[in-house]
Amino acid sequence: QVHLAESGGGLVQPGGSLRLSCVASGNIFPINSMGWYRQTPEKSRDLVAAITRGGATKYGDFVKGRFTISRDSAKDTVYLQMNSLKPEDTAVYLCNADAPPYSGDEYSGDYWGEGTQVTVSS
């Protein structure tokens, strides 16, 4: 069982910043990777950033160094700091986690949050 609760989305102007948070709870521990995907209107999900239990990170190439993922394992929380936001970053951002039974993929798992809307517009 897993519950992933996202927060921090909203409306920002181009060039602005947001910090997303995701808190994991339930009978899913220990968690391996946690990460963020973004979902298009056609429901495709693209990796934004992920972080393993050991702290290794992976970023989608479209991020271009603007986003930073971090993790507080003691609080079962993952963060996504988004800077220099662009209109094309507009999407639903979904939290992802890998917990028992593990997926076998170092940077992704089978558990999903409901998503938080990020809108970048003037």
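Colleague: How many bridges join β3 to β8, and do these strands run parallel or antiparallel?
Modeller: Happy to start there, with the reminder that this is a predicted model. The strands β3 and β8 run antiparallel, and the number of bridges joining them is 6.

Colleague: Which residue of β3 stands opposite L4?
Modeller: Strand β3 covers residues 18-25 and runs antiparallel to β1. The two strands are joined by 5 bridges. Within β3, the residue opposite L4 is A24.

Colleague: And on the β7 side, which residue of β8 stands opposite I69?
Modeller: Strand β8 spans residues 77-82 and runs antiparallel to β7. Here 6 bridges join the two strands. The residue of β8 that stands opposite I69 is L80.

Colleague: In what order do the strands of this open sheet come, and which are its edge strands?
Modeller: The open sheet is formed by 4 strands with antiparallel pairing, in the order β1-β3-β8-β7. An edge strand pairs on one side only, and that applies to β1 (3-7) and β7 (67-72). Neighbouring strands of this sheet are turned against each other by 15 degrees on average, direction ignored. So, with the order β1-β3-β8-β7, and pairing on one side only as the test, the edge strands are β1 and β7.

Colleague: How many helices and strands does the chain have?
Modeller: Read along the sequence, the pattern is β-β-β-β-β-β-β-β-β-β-β. The count is therefore simple under the run-based assignment of helices and strands: 0 helices and 11 strands.

Colleague: Is D76 buried or exposed, or in between?
Modeller: D76 is found in the loop between β7 and β8. Its phi is near 55 degrees, a positive value in a residue other than glycine. Buried would need under 20% relative accessible area and exposed over 50%, so D76 counts as partly exposed, at 26%.

Colleague: What is the relative accessible area of S84?
Modeller: S84 lies in the loop between β8 and β9. Phi of S84 is near 50 degrees, again positive in a residue other than glycine. S84 is partly exposed, and its relative accessible area is 40%.

Colleague: Which two residues does the cis peptide bond join?
Modeller: One of the two, P101, lies in the loop between β9 (91-97) and β10. The omega angle of the bond is about -5 degrees. The residues it joins are P100 and P101.

Colleague: What radius of gyration does the chain have, and what would a compact globule have?
Modeller: The C-alpha atoms fill a box of roughly 45 × 25 × 25 Å along the principal axes. With 122 residues, a compact globule would have a radius of gyration near 14 Å. The chain agrees with that, having 14 Å.

Colleague: What share of the residues counts as buried?
Modeller: The accessible surface comes to about 6,200 Å², with 46% belonging to carbon and sulfur atoms. Among contacts between residues at least 6 apart in sequence, 54% join residues at least 24 apart. Of the 122 residues, the buried share is 42%.

Colleague: Which element has the lowest mean pLDDT?
Modeller: The chain averages a pLDDT of 93, and 99% of the residues score at least 70. Strand β2 (residues 10-12) has the highest mean among the elements, at 98. The lowest mean, 94, belongs to strand β10 (residues 111-112).

Terms used:
Residues are numbered from 1 along each chain as its sequence is written. This is a predicted model: local features need pLDDT of at least 70, side-chain atom pairs count only at pLDDT 80 or more; totals for chains, interfaces and linings use all residues. Side-chain values use heavy atoms; hydrogens and water are left out. pLDDT is the predictor's confidence in each residue, from 0 to 100. Axes are lines fitted to C-alpha atoms, for helices over the stretch in contact, and angles run from 0 to 180 degrees between N-to-C directions. The radius of gyration is taken over C-alpha atoms; the globule rule is 2.2 Å times the number of residues to the power 0.38. Buried means under 20% relative accessible area, exposed over 50%, partly exposed in between (1.4 Å probe, protein chains only). Contact means heavy atoms within 4.5 Å. Accessible areas come from the Shrake-Rupley method with a 1.4 Å probe; for residues, only the protein chains shown count as cover.
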